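This report describes selected features of a single protein chain. The sequence and structure are shown first.

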Amino acid sequence: MQLLIPLLSLLSLAISTVSATALTYKLSANEKACFFATVDRADAKIAFYFAVQSGGSFDVDYEVTNPQQREVLSGQKERQGDFVFTAKETGEYRFCFNNEMSTFADKMVDFEIAVEDEQKHAQIPTKGGADNTQTAQLEDTIFKVSGQLSTISRMQKYFRTRENRNFSTVKSTEQRIFNFSLVEVLMMAGMAALQVLVVRFFFQGARKVSATNGPVLEMPHSRTPPTTIEDILATADSDPEWATILEEQPIPPGAAYGTIGTLKKLSAGTLPRLQASLVANRPDDVAEVEVYVGVPATDLKPEAGRNRVLACYPRSTPSQAPRRERDEAKGAVIVLLHGGGHSLGSPESELPLARLLVQKFNAVVVLPSYRLAPEHPFPASFNDALETLKQIAMDSASLSHSPNDTQKPTSTRTNFLPSNLAGQINPKAGFILAGTSAGATISSSISHLYHKWRTSDPSPTAKSAPPVTGLMLCCGTCIHPYRVPSAYKSLYRSRAQNNEALPLDKDLSAMFESANRPDYNSPVWSSIDQQPHLDRGRVGEDHAWLKSNGVRVYFQVCGQDLSRDDGLIYEKVLREECGVQTRLDLYKGFGHVFWGMGGGYADMSMSRKRTEHSVEGVRWLLGRNEGIGGVN
């Protein structure tokens with residue numbers, strides 16, 4: 001036993017001489033690193049081990065070359081490797097790792113290079129007469145122990161590699177969770193800030209600062225047409241009163257109604273309550289009659305052959321209006337068409353204004369209805385309104401002669417106006433065609449058709465029909481978005497700017513358009529297309545009759561309205577190209593027909609002012625009190 005330990009030590013030294021290098025290296029992105037091992041004797045064993053501990057996908061390219069630069073081993077995107085090969089040549093062997101595949105990920109590589117120089121015929125000192133089989137058994141045992149130790153060493157390296165990789169994955173996951181949480185917090189803070197800005201935008205209104213008097217409110221109503229694109233766009237800045245009522249009594253967006261049928265049912269459901277309220281509040285000095293008139297025979301359907309018409313006129317009781325004004329405007333006829341996208345609505349929506357005009361001017365105000373889409377699409381509403389207008393003109397001509405006149409008409413038969421108005425109607429005092437929204441669109445269009453009828457039709461009826469003396473167009477559409485004259489395209493911004501504005505957003509407008517199915521190539525659809533010279537960029541050629549007949553045109557335009565620029569451009573065309581006298585009331589920061597929404601919307605101070613503006617506008621159309629102004 002005393003001799004066994006020295007013999008084992010001597011045997012281990014005699015069996016092999018090993019030189020080894022174990023390193024951990026950080027391989028940067030796009031880096032190639034090489035390491036070298038020198039072999040002094042041919043047929044030496046070289047052990048090469050590597051494992052990527054962290055970084056990227058835990059992979060790396062490797063290459064081993066001999067002293068003659070010939071490839072011995074190579075691989076791409078390997079996570080680890082364990083190789084033993086025989087060195088055939090002496091010299092310097094190169095071991096390279098390549099991370100050029102990575103753009104930004106560094107890799108941590110653990111590797112070991114071992115060169116073993118084995119002595120196949122080691123001589124173990126023995127005692128004289130000892131048997132060699134004893135040393136052979138000892139040698140086998142040592143080799144087995146050495147192999148098992150190598151296996152244990154490699155298993156330790158494997159588990160260490162797995163531990164490092166798992167730790168790297170956990171660390172990376174923690175960092176990603178932190179980054180995601182940080183981004184989420186920043187997004188929440190950003191959304192909160194954006195909500196504050198939006199709320200402030202809605203409620204700040206259009207405020208200006210005066211250097212001398214401090215902050216002052218910009219007037220939400222203007223009679224001066226905006227001249228620059230910036231001024232036009234600024235008219236859509238929400239007015240505080242409008243923003244407040246929208247928050248207190250929200251209006252559903254167009255998409256919320258679903259179908260035009262649903263919207264028509266909702267509209268029809270409100271009519272009985274409106275009629276009951278109007279009956280209860282009818283003024284004593286205003287008389288009203290409800291009649292039905294036929295529609296054009298060429299456009300007649302059995303289930304809808306007649307349209308309802310309301311007519312308002314003064315009772316015999318003297319009106320409260322000043323005597324002089326009533327005498328000057330006495331007998332004027334005003335035809336007022338309701339709105340509703342050609343698909344819904346009724347004359348009752350215009351009845352409060354009609355009663356007021358009767359009281360103010362002793363005028364006769366007629367409120368026609370027309371067949372509605374989708375059951376009666378374009379051009380049914382235009383045809384019906386034109387036919388009704390002709391019948392009103394015939395009634396006006398028939399009743400305009402007093403019973404005491406020496407030249408009496410051949411007939412006093414009327415279509416629907418009471419015969420006791422004979423002598424009280426005087427269309428020469430004014431024959432005004434007015435409308436709101438779709439009613440304004442119809443009015444502006446049929447005014448041209450009516451003029452052509454009474455000037456080109458040789459019949460006595462057409463010749464005796466009174467000419468239109470004024471137009472009142474409230475929030476109407478008169479330009480198709482794809483047919484904007486070239487000279488005005490830069491000013492046509494409202495379709496894009498106000499496509500989400502309530503109550504008439506892009507979805508509700510598309511619903512109405514889909515139901516009515518207009519012919520965009522028809523000049524009847526768009527009043528600005530009533531002439532054939534759009535390619536010249538000027539659009540006033542066929543509107544010249546308005547100036548020659550002395551027709552005045554009064555516009556009401558809302559800043560937060562899809563059709564805002566229709567009214568602004570049409571007013572500009574008539575005023576600048578045609579020389580027509582125009583008047584404009586521009587409601588900055590208010591939505592489409594804001595006064596007609598009912599509830600709190602009708603009680604807004606601007607809604608009451610709009611009614612006053614309407615009376616002033618009609619007075620201007622009648623040529624009364626010239627000093628009150630207008631855009632000339």
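## Basis of the values

The structure is a predicted model, in which local features need pLDDT of at least 70 and side-chain atom pairs count only at pLDDT 80 or more, while totals for chains, interfaces and linings use all residues. Residues are numbered from 1 along each chain as its sequence is written, and side-chain values use heavy atoms, with hydrogens and water left out.

## Nonpolar cores

A nonpolar core is a set of buried Ala, Val, Leu, Ile, Met, Phe, Trp, Tyr and Cys residues joined through side-chain atoms within 4.5 Å. Buried denotes under 20% relative accessible area, exposed over 50%, and partly exposed the range in between (1.4 Å probe, protein chains only). In soluble globular proteins, nonpolar side chains tend to be buried together.

The largest nonpolar core has 62 residues, of which Phe-431, Ile-446, Tyr-450, Phe-555 and Leu-574 touch the most other members. Helix H8 (residues 380–399) supplies the largest share of this core, seven residues; helices (H or I, at least four residues) and strands (E, at least two) are DSSP runs, numbered from the N terminus. Beyond its neighbours within four places in sequence, Leu-574 is in contact (heavy atoms within 4.5 Å) with His-543, Leu-546, Val-553, Phe-555, Gly-579, Val-580 and Thr-582. A second, separate core of 40 residues includes Cys-558, Trp-595, Met-606 and Leu-621.

## Cysteines

Taking a disulfide as a pair of cysteine sulfur atoms within 2.5 Å, the count is one. The disulfide is formed by Cys-34 and Cys-96, whose sulfur atoms lie 2.0 Å apart. The torsion about the S-S bond of Cys-34 and Cys-96 is about 110 degrees, so the disulfide is right-handed. The pair links distant parts of the chain, 62 residues apart, with Cys-34 in strand E2 (residues 32–39) and Cys-96 in strand E7 (residues 91–98). Cys-34 is partly exposed at 29% relative accessibility, whereas Cys-96 is buried at 4%.

Cys-474 is buried at 1% relative accessibility. Its closest cysteine sulfur, in Cys-475, is 6.5 Å away, too far for a bond. Cys-558 is in no disulfide, the nearest cysteine sulfur being that of Cys-475 at 3.6 Å; Cys-558 is buried, at 0% relative accessibility.

## Helix H15

Helix H15 (residues 605–621) has 17 residues and should span 24 Å at 1.5 Å a residue, which agrees with the 24 Å between its end C-alpha atoms. The expected span is 1.5 Å times one less than the number of residues.

Buried residues of H15 include Met-606, Arg-610, His-613, Val-618, Trp-620 and Leu-621. H15 is followed by Gly-623, which has a positive phi near 80 degrees.
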